[in-house]
Amino acid sequence: MRSGVFGDYRACRRRTPEAAKEVSMRQELTKGFFKRNPVFVLMVGLCPTLATTTSLNNALAMGVAATAVLVCSNVFVSLVRNFIPKGVRIPCYIVIIASFVTIVEMLMKYFLPLQVSEKLSIFIPLIVVNCIILYRAEDFASKNGVVRSLLDGIGMGGGFTVALLLIAVIRETTGNGTIFGLKFSTTYEPAAVMTLAPGAFIVMGLLLALFRWRSLRKLRAATRPAASTPAEATA
Amino acid sequence: MGNLFAIIIAITFVNNVVLSQFLGLCPFVNSSDKTDKAFGMGMAVTFVMTMASFVTHLLYTYVLRPDAALLKMLFSGTRIPEVGLQAVLQTATFILVIASLVQLVEIFMRKTIPALYRSLGIFLPLITTNCAVLGVALLNTSYAAEPLSLAQAVVQGFFAGIGFTIAMLLMSGVRERLEKLNVPEALRGTPITFIATGLMALAFLGFAGMG
C-alpha cells in the first residue's frame with residue numbers, strides 16, 4: 001500500500017536502533033533530542049503530550065516529571081536486569097515504574113503551585129502507562145549498562161521535554177497570548193481554540209508533518225546520486 | 001436515574017475520552033485505519049474498562065482510601081486507616097489490576113467464547129498500556145469531582161468505552177476515505193489523522209454547551 005520514498009523512510013527508521021552498540025556515549029545522550037525524538041519520530045507518549053501543553057509551565061512540569069521517572073527507572077532496570085527472569089520482566093518493569101511514579105507524584109503535590117498540579121492532575125499517575133518509559137526499559141535499559149541507561153534516560157526525557165515545550169509555546173502564544181504566563185502583546189487577540197483539544201490535535205499534526213517533510217527531503221537528497229536512470233534522478 | 005443519565009451524556013460526548021480528555025490516543029491513532037479493526041479495538045476496550053471500573057472501585061472503597069473498611073479492621077489503633085494507602089499504593093495497584101484483568105479476560109474468552117476471542121484476540125494485550133483504562137479508573141475513584149457509587153463508576157466506565165468506540169469508528173470512516181485521496185506526502189498517515197481528529201474535536205466541542 002505504501003511505497004516509494006515513504007516505504008524507504010519507514011524501513012530506515014526501523015533499522016536505526018540496532019546500531020546501539022557502536023554509538024558513543026555522547027550520541028546516547030543526544031539521539032533523543034532530534035534523530036529519535038520520542039514524540040515526533042517514535043510517536044510514543046502522545047496523551048500527556050497533547051493534554052499538558054496548554055501552557056509552558058504545565059509542559060515543563062510534565063516534562064520534568066516524566067524525565068525523572070524515565071531516568072530513575074532506566075537506571076534501576078539496568079541495575080537489576082540480570083536478576084529478573086525473562087518471563088515476568090514486563091510486570092516487574094511496571095512495578096518499578098509505578099513506584100517511581102508514586103514518588104514523583106507525591107513530590108509534585110508538595111512542591112508545585114496548586115494550579116499547575118491541578119492541571120496535570122490525572123496525567124502524573126498516567127506516566128505509568130506512558131509508552132516511552134516501558135519502551136526504554138524493555139528496549140534499552142534491559143540490554144545496556146547503568147551509565148548508558150542513565151544517559152539514554154536523560155536524552156530521551158530531554159527530547160520529550162523539548163517536544164512538549166515546542167508544542168506548548170505554539171499553543172500558549174496563539175491561544176492565550178502569553179509566554180510563561182506573561183502577556184507579550186496588547187493588540188493580539190488570542191484564539192482560545194488553540195488551548196482547547198482541537199488546537200492540540202492540529203498543532204501536533206502540523207508539527208509531525210514538518211518533521212516528516214524534513215526526513216523525506218533528507219532521504220531524497222541521500223538517494224538521488226545513487227539513482228541509476230536519469231528518469232529516476234529527476235523524479 | 002437522572003444522575004446516571006447525566007454521567008452517560010457527559011462521559012460519552014461532552015468529556016469524550018479521546019476527543020476532549022486526550023486519553024487512549026496511541027490505539028486511536030494506530031488502529032483506526034480500518035472500520036472492523038476500530039470496532040474490535042473499541043469493543044475490547046469497553047469490555048476491559050467496564051470490568052476495571054468495577055474492580056478498581058471496589059478496591060478503592062474497601063482497601064485503599066482513608067477510612068476504608070479493611071484498613072480499619074486490620075490496622076485499628078494505628079494511623080493507617082486515617083491516612084489511607086491511596087497515595088502510596090493506588091497507581092501500582094490499579095495498573096497491576098488492569099494488567100491481570102486483561103490476562104484473565106483473555107484466558108476466559110479463549111475458553112468460553114472462541115469466536116469473540118478470535119476477533120478481539122490481538123487487541124487484548126495492547127489494552128494494558130492503553131491509558132484510557134487507567135485514566136477512567138482514576139477518574140472513577142480518587143480524581144472524581146464528587147465521590148461516585150459503584151453503579152455510577154461502572155456506568156461511567158462502560159460509557160467511556162462507548163465514547164472511545166464512537167470516536168474510533170468516526171475516525172476509521174474518515175481514514176478509509178483519506179486513503180483514496182492524494183494527500184501531500186509529508187502529511188500522509190499520522191499527521192493528516194491528527195488534523196482530521198482536530199476537526200472532529202472541534203465538532204465535539206459543541207457538546208460542551210450541553211453541560
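From the N terminus on, the elements of chain B run α-α-α-α-α-α-α-α-α-α, that is, ten helices and zero strands, where helices (H or I, at least four residues) and strands (E, at least two) are DSSP runs numbered from the N terminus. This is a predicted model, in which local features need pLDDT of at least 70 and side-chain atom pairs count only at pLDDT 80 or more, while totals for chains, interfaces and linings use all residues. Residues are numbered from 1 along each chain as its sequence is written, and chains are lettered from A and ligands numbered from 1 in the order in which they are written.

The C-alpha trace of chain B spans about 70 × 45 × 35 Å along its principal axes. Of its 211 residues, 44% count as buried, a residue being buried if 20 or more other C-beta atoms lie within 10 Å of its own, exposed if 12 or fewer, and partly exposed in between, with C-beta atoms placed from the backbone. Two residues are in contact if their C-beta atoms, placed from the backbone, lie within 7 Å; among the contacts in chain B with a separation of 6 or more, 75% are between residues 24 or more positions apart.

Chain A holds ten helices and two strands, in the order α-α-α-α-α-α-α-α-β-β-α-α from the N terminus. Buried residues make up 40% of its 235 residues, and 77% of its contacts between residues at least 6 apart in sequence join residues at least 24 apart.

Within chain A the lowest mean, 40, belongs to helix H1 (residues 4–15), and the highest, 93, to helix H4 (residues 56–80). The pLDDT is below 50 over residues 1–16 of chain A, a stretch with twelve contacts in the model beyond near neighbours in sequence, and also over residues 229–235 of chain A, where there are three such contacts. Where pLDDT is low, the predicted coordinates should not be read in detail.

Between the chains, 34 residues of chain B are in contact with 35 residues of chain A. On the side of chain B that touches chain A, the elements giving two or more residues are helices H2 (25–30), H6 (86–112), H8 (131–140) and H10 (190–205) of chain B, and H10(B) gives the most, with ten residues. That side divides into 25 nonpolar, seven polar and two charged residues, where Ala, Val, Leu, Ile, Met, Phe, Trp, Tyr, Cys and Pro count as nonpolar, Asp, Glu, Lys and Arg as charged, and the others, Gly among them, as polar.

A nonpolar core is a set of buried Ala, Val, Leu, Ile, Met, Phe, Trp, Tyr and Cys residues joined through C-beta atoms within 7 Å. The largest has 103 residues, of which Val69(A), Ile97(A), Val48(B), Val133(B) and Leu134(B) touch the most other members, and H4(A) gives the most to this core, with eleven residues. Not counting residues up to four places away in sequence, Val69(A) touches Ile97(A), Phe100(A), Val101(A), Val104(A), Ile127(A) and Ile133(A).

Helix H9 (residues 197–223) of chain A has buried residues that include Phe201(A), Leu208(A) and Arg212(A), and what covers its buried residues includes helices H3 (46–51) and H8 (146–176) of chain A together with H10 of chain B.

How values were computed. pLDDT = per-residue confidence, 0-100.
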